[in-house]
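This briefing is intended for a reader who has the sequence and the coordinates at hand.

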Amino acid sequence: MSQFVTGNRQLGRGGRVLLLGAVFALFLGGCGGVPAPSSSTATGKAILVGVLDDTSGAAAPYSSLTDRGVKTAVNHINTNGGINGRPIELMFESDGNVPANSPALVQKMIQKGATFIITTSGSASSLAIKKTVLAAKIPAFAATNQNTGIGAPPDNEYMFMQSNTSTDIGTIYAAAWAKAGYKNIGVMSDDSATTVSSEKIYFPLFKNAGFNLVATEQAPNDATDVTAQISRIKAKNPDATIMISLGGQLEVLVQNTLATQMKSTPRFSLASIGNQPSNWALAQPNGLDGLVYAAQVDPSNPRAKTLMDLMSKTYGKDFTFLTAYEAQAWDAVQIMKLAMENGGNPDDGPSNRAGMEQVSKFQTASGSSTFTVSFSATKHSGQDGLCGIALVQFKGNKPGSPWPTYQPSCG
Amino acid sequence: MIQIGCFFSLVGLGYYVVLNGAGFFNFAIGPYTMFSGLASSWLVFIQGWDLPQAILVGIAATIVLSVLTELLVVRPIERRSGGEELPALIAVVAVLYAIAQLAGTLFGRRPLPGRPWFYFENPIQVGLAYIDAQVIVSVVVTLLVFTALSLWLTFSPYGKIMRAVGDNQEAARTLGFPITRVRVIAFALAGLIAGIAGPLFASKAGVGFESGLSYSLFGFIALVLGGTGSPWAPLAGGMLLATIQIMSSYFFGSVWLNYATLAIAVVFFAIRPEGIFARRVRA
Amino acid sequence: MISKLRQRGAWLETFSTLALVLIAIAYVQGDVYLEDVAILVATYSMIALGLYVPFIMGGALSMSYNAYLGIGAYAVAIIASKTGLGFGWGLPIGMALSAAVAVILGFATRRLSGFFLASVTVLFGIAFTSWLIASADLTGGGAGIPTFPTPVVFGVKLTHTIVVSIALLLVWIVAVLLARLRRSPFGVAVRASRRASTAVEASGIRISTIVLVSLALGAIIASLGGSMFALVNESVIPESFAIDIVFLTVFTPLLGGQSTPWGAVLGAFLVVLFTFELTMFKETGTLLFALAVLVVLVAAPRGLLGYASSGLKLLTSRLEPR
């Protein structure tokens, strides 16, 4: 009988090992191969571009808008002759705004043949892939991120950004508050990696400009109540408050609470809520009234107007407002096209990089009519001057007119 | 703060009902609540439905989920493993996770806002609390639900049976009470309560597919704090928990919310697991 | 003769799994993407193996494993980036801290069981992530520690590939050791403490000691997994150590099979497959995983390996001459 038992055990182990091996083989078979190259279309062999986005995490509210801008631009280019007659083919990978996932996903797209990467997820994700794209010698372009570190050394040889940076925005707000005569500022922020990294730029900048950050409160992006944090800010009696976050639900909650608890205190926000139209309806009535935010779309910019018309035609009633994300996505793709044409060989990473560095005084759809983007071997942060940003004030729950007190200049 | 307290109380009440009717901690009740809230929000904001119909669909869906949990998961596992607590616990944790993923797949992974059931301008301030229309609605609905349940337990035939089962399941079975039916009713009731609580609370800060875990935890603590002695006990527990959370957040910083909740759990579970209102078993 | 057969079975298992691991290491060599998938499998396996002793064997569902993972990872990151000590100190420090935390937590919750224990440990896991974010001076707060220099050991730079290979080997070592432990007197005591506590206490072993030791052991294993994860990524961020990772991994030993630690490894492998790799399951991967877990729990409680071994037994018994 004991022999029987032992026999079972042996087979049991053998069975286990066999199964482990079988599942393993499945894994190898399932992912070992590189997918077959896409068949050539009538207009030539496709140029593969990888997009690193966020479809589920805290950056999803704006990543989805940026993605829409990218797709609009690519479709427009493809129906108008492509790049040197070749169509662009996009592939998407979502990192859920978790920077630890980003390098692997970018690597996956490069291995599938991508010769250019566009990032639409959070700043932390773009920071995380700098080393990856440098090692692979494939250029990456952060369409909307504002973290100064993205375009700056070290490891920035293959990384590009175009938006006015956190440093620029901080400088603008510092000048604006000085003009308005504020001294004490209350700060409310979320605890995401992108926001915390950006605070490393904002806080020293504000302090050096002479402002007192009398309160700095944090809430997680899934917080259900911020009464305590806002009460603590209120207790310090600031001249103005500023909300630094990725936007989305938390910002709506904070703005609602600020509108209720600190009605008479001027409030400011970074770009996020001004550029997330789907969130405006969610604020309580007049919850956003008077809020000043850093806008990156100027309706009098002719290229913005053209883009708005195109998007109305393409998306009909699903398109109501041109956000900075879509405008910057459009710009990013147009700049990429220009770079590939400059470089002469869209299938080669280093050529694409060289092409990017030749882009000079590109007239954007985002920012004011006189705002441009330029790159060079030593300049991988494209913005030329501060006028990619305008300070706009909400009227009711919709963006209204530019803030009368102060506006940044292009010089 | 009042609104949060009401919410925790309702979830705690859901636990109470299932505990009485089936002798089981239905940890999946947080996700039920989330599901109802997210479903109705999705219907209103993405599909353009009107609020009342969306809420009804949310409640119906949650009742179905709850009853299915009992029929497909809890009963078979309890039958198979006899008195052991662990398999049922793991199973209900798996249900918790599965419902969250189901909601994420059906409704998307981004949080959606809720919509207030009523609205008026200029909330009234009472200390740290700001009373707007939804707070009043929450209080009214909560009191209604608690009262209704209390009356049902006291006066309706199945309610009385459920109380008997809750006191002593073995004795009730020997006496020939319809245990299986009572269990299903208990789960359905919990689903109903959760279904109401979800949309009620969603307007405060929105709801996302991952919100269910915190709801489950906080509702459970509300139940334990309040005790199992009376159907009104979870109300006390929920209010107490919400107060402690907001106070610690206000005085020490927002991270203290989690520390304080952990501390309460450790202290109360170990020292006074029967809660404030202990059950007095009728001899 | 019986013990000889038993020994042969044990050696067969040991060497065949070693062969599989070596094949895996060779397969992912140099492919950065596959290496990243491999480290995920290794990390989840380590958590699952860490859960194995206290949970699967001892029946105590303690869910604060994201904390132990995080402690191991942050220990390495903080030491490598902020102190002059070699990164190597991070591993034992992480393990010691994790074990200490596990013992303290275990002691505070020693009279709790089932739902109460699970709740408290989940709350602890949540509080841990909050603490990581709030303690910006030590941990870098929400931004984490974005980069620390590539560690060097005896003049050899620990590249991505090397660390991944070491991590996979480590998984194998831990699994083999746990398989041995399971059959040892201690292992028997842990398994018995679940069902027959009086008998165990009567033979002179204190249940609480067994529980605390198994919790500490689990924490140490998870911490080691966290350290490997940090070394591969050369960065740590609080979002990687949120409580969700426990929910993914707590089911892995059940899915794979409870009667052997290799079930935990298989389960971890399947989790990564479902949720990360199979592109056709991109949106629904986690849902399918959750449903698979439920099906296994309700209908197939012995897990995949349990049924595979019965299936194989059935097959071979049919083939064998009577």
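In this predicted model, helix H2 (residues 60-78) of chain A packs against helix H12 (residues 302-315) of chain A at an angle of about 90 degrees, with the axes 11 Å apart. H2(A) is therefore roughly perpendicular to H12(A), the term covering angles of 65 to 115 degrees. Axes are lines fitted to C-alpha atoms, for helices over the stretch in contact, and angles run from 0 to 180 degrees between N-to-C directions. Helices (H or I, at least four residues) and strands (E, at least two) are DSSP runs numbered from the N terminus.

**Conventions**

- Residues are numbered from 1 along each chain as its sequence is written, while chains are lettered from A and ligands numbered from 1 in the order in which they are written.
- Local features need pLDDT of at least 70, side-chain atom pairs count only at pLDDT 80 or more, and totals for chains, interfaces and linings use all residues; side-chain values use heavy atoms, with hydrogens and water left out.

**Helix pairs**

- Where H2(A) and H12(A) meet, A:Arg68, A:Thr72 and A:His76 face A:Leu310, A:Met311 and A:Tyr315, a contact being heavy atoms within 4.5 Å.
- By class, this contact of H2(A) with H12(A) has three nonpolar, two polar and one charged residues; Ala, Val, Leu, Ile, Met, Phe, Trp, Tyr, Cys and Pro count as nonpolar, Asp, Glu, Lys and Arg as charged, and the others, Gly among them, as polar.
- In chain B, helix H5 (residues 133-155) and helix H6 (residues 157-167) pack at about 85 degrees, with their axes 5 Å apart, so H5(B) and H6(B) are also roughly perpendicular to each other.
- H5(B) contributes B:Trp152, B:Leu153, B:Thr154 and B:Phe155 to the contact, and among their partners in H6(B) are B:Pro157, B:Tyr158 and B:Arg163.
- The contact of H5(B) with H6(B) has six nonpolar, two polar and two charged residues.

- Helix H8 (residues 179-205) of chain B has 27 residues, which at 1.5 Å a residue should span 39 Å, and its end C-alpha atoms are 39 Å apart, in agreement; the expected span is 1.5 Å times one less than the number of residues.
- Since 21 of the 27 residues of H8(B) are buried, this helix is largely enclosed by the rest of the structure; buried means under 20% relative accessible area, exposed over 50%, and partly exposed in between (1.4 Å probe, protein chains only).
- Just after H8(B), B:Gly206 takes a positive phi of about 80 degrees.
- B:Ser214, in helix H9 (residues 212-226) of chain B, is partly exposed at a relative accessible area of 28%.
- B:Ser214 and B:Met34 are 180 residues apart in sequence, and their C-alpha atoms are 10.0 Å apart in space.
- Helix H10 (residues 233-252) of chain B, with 20 residues, reaches 28 Å from its first C-alpha to its last, close to the 28 Å expected.
- The buried residues of H10(B), including B:Leu235, B:Leu241 and B:Ile246, pack against H8 of chain A together with helix H1 (2-22), H5, H9 and helix H11 (256-271) of chain B.

**Nonpolar cores**

- A nonpolar core is a set of buried Ala, Val, Leu, Ile, Met, Phe, Trp, Tyr and Cys residues joined through side-chain atoms within 4.5 Å.
- Of the 199 residues in the largest core, B:Phe24, B:Phe220, B:Phe269, C:Leu49, C:Phe251 and C:Phe289 touch the most other members.
- Helix H2 (residues 32-57) of chain C gives the most to this core, with 19 residues.
- Not counting residues up to four places away in sequence, B:Phe269 touches residues including B:Ile221, B:Ile264, C:Leu112 and C:Phe116.
- A second, separate core of 38 residues includes A:Ala73, A:Ile83, A:Phe319 and A:Trp330.

**Chain C**

- The secondary structure of chain C comes to 15 helices and two strands.
- Of its 322 residues, 60% of chain C count as buried.

**Backbone features of chain A**

- Most residues other than glycine have a negative phi, and most peptide bonds are trans.
- The peptide bond from A:Pro153 to A:Pro154 is cis, with omega near 0 degrees, and A:Pro154 is in the loop between strand S4 (140-142) and strand S5 (159-161) of chain A.
- A:Lys137 is not a glycine, yet has a positive phi of about 55 degrees; A:Lys137 is partly exposed, with a relative accessible area of 46%.
- A:Asn237, likewise not a glycine, has a positive phi of about 55 degrees and counts as exposed at 59% relative accessibility.

Key: Angles under 35 degrees count as roughly parallel, over 145 as roughly antiparallel, 65 to 115 as roughly perpendicular and the rest as oblique.
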